[in-house]
Amino acid sequence: MPDIRTLYDLQAIDLELDRRRKRLAEIGKALGNEQPLAPFRAAASQAKQQLAQAEARQRNLDHEIAEFSERMKQAEQKLYSGAVTASKELLSLQADVEQVGRQRGEREEQLIGVLDEVEAARKHHAEAAERLARAEQAWRGAQDEMTRERAVLDAEVPQLTAQRQERAGQVSPTDLNIYDQVRKTHGGRAVARVRNGVCESCRMSLPTSRVQTLRTTAAPVRCPNCGLVLFAD
């Protein structure tokens with residue numbers, strides 16, 4: 001029984017080592033990984049592009065309106081200058097002024113809608129940029145935290161490894177071999193405590209004969225249900 005108790009204590013150390021090594025592996029993958037920021041960057045980039053497109057439409061309309069205004073100005077100057085006296089030409093100039101005026105009016109109506117689009121796009125872009133900034137700040141904070149955590153874990157692993165070596169040296173090679181084999185096939189666990197005739201791993205009641213054997217032999221006794229080595233205080 002002393003070896004089984006030692007194996008139970010060894011398992012506690014191994015589980016702590018497993019947890020730290022697993023966490024170190026997770027940190028190793030997460031450090032420097034900017035993938036969590038990708039959706040925020042994509043959203044901000046899309047919002048920026050939408051804003052640029054809306055502003056481009058505004059500039060085009062502003063340019064067209066300015067051109068129509070200039071054409072109207074020139075046509076009106078010619079119309080009212082007195083230089084043109086022929087009625088046919090005057091009617092043509094008047095028609096040009098009216099047509100250009102209608103075209104300018106259409107563009108001005110379009111511009112009102114585009115200005116609303118620009119305002120909405122600017123708001124959307126600002127919100128997306130703010131979300132990205134917050135995500136980047138949180139990401140940097142998490143990176144710093146994981147860096148500090150890794151330093152702690154890197155210091156703890158050698159300490160636990162030394163404890164494991166010391167405890168493993170207290171177990172017979174045969175029992176240690178059984179322990180290692182069971183751990184490999186049972187998710188890192190090899191020993192289960194027995195309380196009131198129940199295996200604490202699988203929560204199954206053990207046959208009375210198995211409990212009696214457990215208390216009278218120093219050899220490892222396996223749970224008939226989960227297969228772990230049983231340990232009773």
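Mentor: Leaving aside residues up to four places away in sequence, R193 touches Y8, V198, C199, E200, F231 and D233, where a contact means heavy atoms within 4.5 Å. One of these neighbours, Y8, also meets R193 through a polar contact between the two side chains, at 3.3 Å. A polar contact is a pair of N or O atoms within 3.5 Å; within protein, one must be able to donate a hydrogen and the other to accept it, and residues adjacent in sequence count only if both atoms are side-chain atoms. R193 counts as buried because its relative accessibility is 12%, and buried means under 20% relative accessible area with a 1.4 Å probe, protein chains only.

This is a predicted model, in which local features need pLDDT of at least 70 and side-chain atom pairs count only at pLDDT 80 or more, while totals for chains, interfaces and linings use all residues. Residues are numbered from 1 along each chain as its sequence is written, and side-chain values use heavy atoms, with hydrogens and water left out.

R193 sits in strand β1, residues 191-195. The protein has 5 helices and 3 strands, taken as DSSP runs numbered from the N terminus (helices H or I, at least four residues; strands E, at least two). Their order along the sequence is α-α-α-α-β-β-α-β.

Of the protein's 233 residues, 28% count as buried. The C-alpha trace spans about 130 × 35 × 25 Å along its principal axes. Among contacts between residues at least 6 apart in sequence, 73% join residues at least 24 apart.

Definitions and conventions: Buried means under 20% relative accessible area, exposed over 50%, partly exposed in between (1.4 Å probe, protein chains only).
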